[in-house]
Amino acid sequence: ITLDYSPKSLELIGQASAAAGVEIGRVGGDGLALPFADGTFDLVFHQGLLEHFRDPMPMLHEHARVLRPGGRLLVDVPQRWH
């Protein structure tokens with residue numbers, strides 16, 4: 001499942017997944033108020049997102065909220081050597 005705030009981004013993801021023959025669930029929403037119940041996922045991953053927030057802790061807490069017990073939050077931020 002992918003979440004994006006931009007309907008255009010979700011449309012592009014849909015086109016790419018269809019071209020690849022892969023089904024990707026697309027959900028429109030805000031990373032600060034995820035439209036998922038507590039404990040929904042085993043893994044939450046985001047890339048190139050954290051550095052856009054002055055205070056990323058509310059977002060990280062929200063992402064942790066939707067993790068099942070023992071779930072993982074994987075965060076990737078831009079760096080010199082990727």
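A residue is called buried under 20% relative accessible area, exposed over 50%, and partly exposed in between, with a 1.4 Å probe and protein chains only. By that rule D38, at 58% relative accessibility, counts as exposed.

The structure is a predicted model, in which local features need pLDDT of at least 70 and side-chain atom pairs count only at pLDDT 80 or more, while totals for chains, interfaces and linings use all residues. Residues are numbered from 1 along each chain as its sequence is written, and side-chain values use heavy atoms, with hydrogens and water left out.

**Overall layout**

The protein chain has two helices and four strands, where helices (H or I, at least four residues) and strands (E, at least two) are DSSP runs numbered from the N terminus. Along the sequence these elements follow the pattern β-α-β-β-α-β, and the C-alpha atoms fill a box of roughly 35 × 35 × 20 Å along the principal axes. Of the 82 residues of the protein chain, 21% count as buried.

Strand 3 (residues 41-47) pairs with strand 4 (residues 67-76) in the parallel sense over six bridges, pairing being assigned if DSSP finds at least two bridges between two strands. One of the residues involved is H46, whose bridge partner in strand 4 is V75. Together with helix 2 (residues 57-65), strands 3 and 4 make a right-handed β-α-β unit; right-handed here says that, with the strands pointing away from the viewer, the path from the first strand over the helix to the second runs clockwise.

**Aromatic pair and nonpolar patch**

A search of the whole structure finds one aromatic pair. The ring centres of F36 and F41 are 5.0 Å apart and their planes stand at 85°, so the pair is edge-to-face (rings of Phe, Tyr and Trp, the last by its six-membered ring, pair if their centres lie within 6.5 Å, with planes under 30 degrees apart counted as stacked, over 60 as edge-to-face and the rest as tilted). Both F36 and F41 are buried.

On the surface, L43, F45 and L74 form a nonpolar patch with about 290 Å² of accessible area together. Of these residues, L74 has its place in strand 4 and counts as partly exposed at 44% relative accessibility.

**Salt bridges**

The structure holds four salt bridges, each being a side-chain nitrogen of Lys or Arg within 4 Å of a carboxyl oxygen of Asp or Glu. Among them are the following.

| Pair | Closest N and O atoms |
|---|---|
| E11 and K8 | 3.7 Å |
| R65 and D38 | 2.6 Å |
| E62 and R65 | 2.8 Å |

E11 and K8 both lie in helix 1, three residues apart, about one turn of the helix; E11 is partly exposed with a relative accessible area of 38%, and K8 is partly exposed at 48%. R65 is partly exposed, with a relative accessible area of 25%. E62 and R65, three residues apart in helix 2, are separated by about one helical turn, and E62 is buried with a relative accessible area of 12%. Salt bridges that share partners join D38, E62 and R65 into one network.

**A loop residue**

E23 is found in the loop between helix 1 (7-20) and strand 2 (26-28), where E23 is exposed with a relative accessible area of 73%. E23 and I1 are 22 residues apart in sequence and 9.2 Å apart in space, C-alpha to C-alpha.

Key. Patches are made of residues with over 30% relative accessible area and no salt bridge: like charges are joined within 9 Å, nonpolar side chains (Val, Leu, Ile, Met, Phe, Trp, Tyr) within 5 Å. Accessible areas come from the Shrake-Rupley method with a 1.4 Å probe; for residues, only the protein chains shown count as cover.
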